[in-house]
Amino acid sequence: MARKIFASFIALIILCSSACADTVIKISHQGTADPEVNIQSYFVKEFTERVTEKTQGSIKFEIYPDEQLGSEEQRMELIMRSGLNQPVADISSFNAMGTVLPELYPSAIPFMFNSYESAHTFFDTSEYMTKLKALFRERTGCVLVEVVEEGGFLAFTNSKREIHSPKDFAGLKFRGMDEGQIAIFNAFGATGTPIPWGELYMALKTGVVDGQMNPAFYVLLGSLPEVQKYMTLANIQYSDQFLIINGDLFDSLTDDERSAITSSAHEANALTRTRIEAQDSEQVEECRKRGMQIYAPNADEMNEFRTIGQPGYIEWLKKRLEDTQWLDMALRDAEKANAQAR
């Protein structure tokens, strides 16, 4: 009898230890919690469910949408200073990443990728991204787990005129998400102004700015067809965000748990990419139905955008980077990715 009681006691201790060992990670992102509406929510749902399933519940998540853990800059600071006492992950924006990792900006050189496939190859396998992830870890203590496709390639929109070439930008005012986007508009002869996403609709409605650039997904999400008449599908920049996690937390996990996180992130991203790319043409068509005039530049016009837009951005970038090897490496690896995708 005593032996049975002792065995039951040991089993209870093991069960309790297992339960106590469970890790609950707070994961934050911006935008609505509805995965049918917000692609970030869709990615987070697919990612977290897979991790919990693969780890048999040893890792669980609490999801905080709508910037509940702070603005993008505040969340970046939270990830960097949080540790085992406050396990945190985030879907971080390009703008927030750029504040601590300006070496990321070469990945957003305009008109650099010819296709989704080449962009995927670049962000998944390039030497540039491998070294960038290592630098991010060294500088911040955090782990860049996955570059998450956010909404396809960016398009120009404005309320004044059709844009077929760089000369059509003359005199227009555009919202820039970051300094790099403003550099692109300046190269085309327009002016750029930094405006937060939450203030963009009213800025367009009141004429503070005439236009902006975003994927069709975000044009619809922000109800921008109500205040924008023209869209130019110029494949300007690849739209991405970044799954990051506190490094101390990541290191504290078992090999199997870390593997579950990285593999689940890639699987969820693959699903996100498929969904975005399948819906992109539908979303462009929906913009048309809502009254926008859609224009797709031909090969000569795209080359003109590239010839003028890239040097302007690169000149700005050279002033921003202490080491231009990142610029050279990104251009080289993008060229390889384009060739591989042909």
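The model is predicted, so local features need pLDDT of at least 70 and side-chain atom pairs count only at pLDDT 80 or more, while totals for chains, interfaces and linings use all residues. Residues are numbered from 1 along each chain as its sequence is written, and side-chain values use heavy atoms, with hydrogens and water left out.

Side chains of opposite charge can pair when their charged atoms come close. A search of the whole structure turns up 20 salt bridges (a side-chain nitrogen of Lys or Arg within 4 Å of a carboxyl oxygen of Asp or Glu). One of them joins Glu127 to Arg332, with the closest N and O atoms 2.6 Å apart. Glu127 sits in helix α6 (residues 127-140) and Arg332 in helix α13 (residues 325-341), so this pair ties together parts that are 205 residues apart in sequence. Helices here are DSSP runs of H or I with at least four residues, numbered from the N terminus. Glu127 is partly exposed, at 36% relative accessible area, and Arg332 is also partly exposed, at 34%. For these labels, buried means under 20% relative accessible area, exposed means over 50%, and partly exposed lies in between (1.4 Å probe, protein chains only).

Glu285 and Arg288 meet at 3.2 Å, N to O; both belong to helix α11 (residues 255-289), where they are three residues apart, or about one turn. Glu285 counts as partly exposed at 33%, and so does Arg288 at 40%. In helix α12 (residues 299-320), Glu315 and Lys318 are likewise three residues apart, about one helical turn, and their side chains form a salt bridge at 3.9 Å, N to O. Here Glu315 is partly exposed at 44%, and Lys318 is partly exposed at 43%. Salt bridges also link up into a network, made of Glu46, Arg50, Lys54 and Glu267.

Now for the serine. Ser107 lies in the loop between α4 (94-100) and α5 (116-125), and this residue is buried, with a relative accessible area of 4%. A polar atom of the Ser107 side chain lies 2.7 Å from the backbone oxygen of Leu104. Setting aside neighbours within four places in sequence, Ser107 is in contact (heavy atoms within 4.5 Å) with Phe94, Met112, Phe113, Phe122, Phe123 and Tyr128.

Note on methods. Helices (H or I, at least four residues) and strands (E, at least two) are DSSP runs, numbered from the N terminus. A polar contact is a pair of N or O atoms within 3.5 Å; within protein, one must be able to donate a hydrogen and the other to accept it, and residues adjacent in sequence count only if both atoms are side-chain atoms.
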